[in-house]
Every structure is written in C-alpha cells, then in structure tokens.
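Please examine the sequence and the structure shown below. The questions that follow concern the fold, the sheet and the confidence.

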Amino acid sequence: MVSERKKTCGYKNRTDVLRAFPSEQRCIEHLEKMRWPASISCACCGSVRKIYHVSSGAAYKCADCGKVFSVRKGTIFEKSRLPLQKWFVGAWLLTSRKNGISSHQLSREIDVTQKTAWLMLDRLREVAAAVGAVKMPFSAKGGR
Ligand SMILES: [Zn+2]
C-alpha cells in the first residue's frame, strides 16, 4: 500500500499525464488492467469464462449472460460521456494538489462546464475516500 501511494504522484505535471494517456484507447487499456489484472470478468454476472471484445475493443460481451458492457460499467465513469482522459487529468489534479482543486478551477483546467466539474469532483472524492487517492484511476505509472 505504501509503495503504491508513492507511485501515484509519479506524474510531475499534466503533460506527463497526457503523455501516459494520449488517447481514449490508452485510457481504456489502463482502466482494463486496473479493473481486471488477471482476466476480464463480466460486469453483469461476474463470469470470467468467455468475454468477447466487441465494437473495436471499447466494449465486451459476456458469453454466459449475453450482456454487453464497457470498461466504465460499474465505475464512477459509467454515467459519464466525457473522455476518460479528462477524468484522468481531473483525478491527477485533485490528488496531486495539497489542497485539492475547486470545481471552478477544474472546469477551466480541463475545459468542461463548472457543473460537470462539480459532478466529477464529487465522484472522484467519493472514490478517493473509499479506496484512498492512490487507486484512482492510476495505481502505478502506467507500468511502463
Ligand atoms: Zn455475464
């Protein structure tokens, strides 16, 4: 836990974060690795037997229950349409600053409305409180 905590702030600045997660696909891959370090499990029934990739890797289909789900399913990102990259930068901003960040600041930093920023912070803080800031959404420096 302690060593993980250290790694979290491995990003020195926003450019670092963006370099590590240059595209939505990279963000998805990272989230995938974090959620399912061993093998992908169905977000609906929990089955790990057979999960197919559908729609160019952005979604999965479970052979057991037939449900299609995305990597966001069951996470704080589930109901959001924002690119994961903005979430990652937002999470980094929130956890890397000693005094956190206000919704006002965040809205300017990642170019979303203040309302969106407020909702994001609300969810991010919830996760931070539950699992510790370390886990969201990067536990390590991308493993690279
Ligand atoms: Zn299933």
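Two strands pair if DSSP finds at least two bridges between them. Helices (H or I, at least four residues) and strands (E, at least two) are DSSP runs, numbered from the N terminus. This is a predicted model, in which local features need pLDDT of at least 70 and side-chain atom pairs count only at pLDDT 80 or more, while totals for chains, interfaces and linings use all residues. Residues are numbered from 1 along each chain as its sequence is written.

Q: In what order do the elements of the protein chain run from the N terminus?
A: The protein chain has six helices and three strands. From the N terminus on, the order is α-α-α-β-β-β-α-α-α.

Q: Over how many bridges do E1 and strand E2 pair?
A: The three strands form an open sheet in the order E1-E2-E3, with antiparallel pairing. Its edge strands, each pairing on one side only, are E1 (51-54) and E3 (68-70). E1 and strand E2 (residues 59-62) pair in the antiparallel sense, and the number of bridges is four.

Q: Which residue in E2 is the bridge partner of Tyr52?
A: Strand E2 covers residues 59-62. Within E2, the partner of Tyr52 is Lys61.

Q: Which element of the protein chain has the highest mean pLDDT?
A: pLDDT is the predictor's confidence in each residue, from 0 to 100. The mean for the protein chain is 82. Among the elements, helix H1 (residues 2-8) has the lowest mean, 45. The highest, 96, belongs to helix H5 (residues 103-110).
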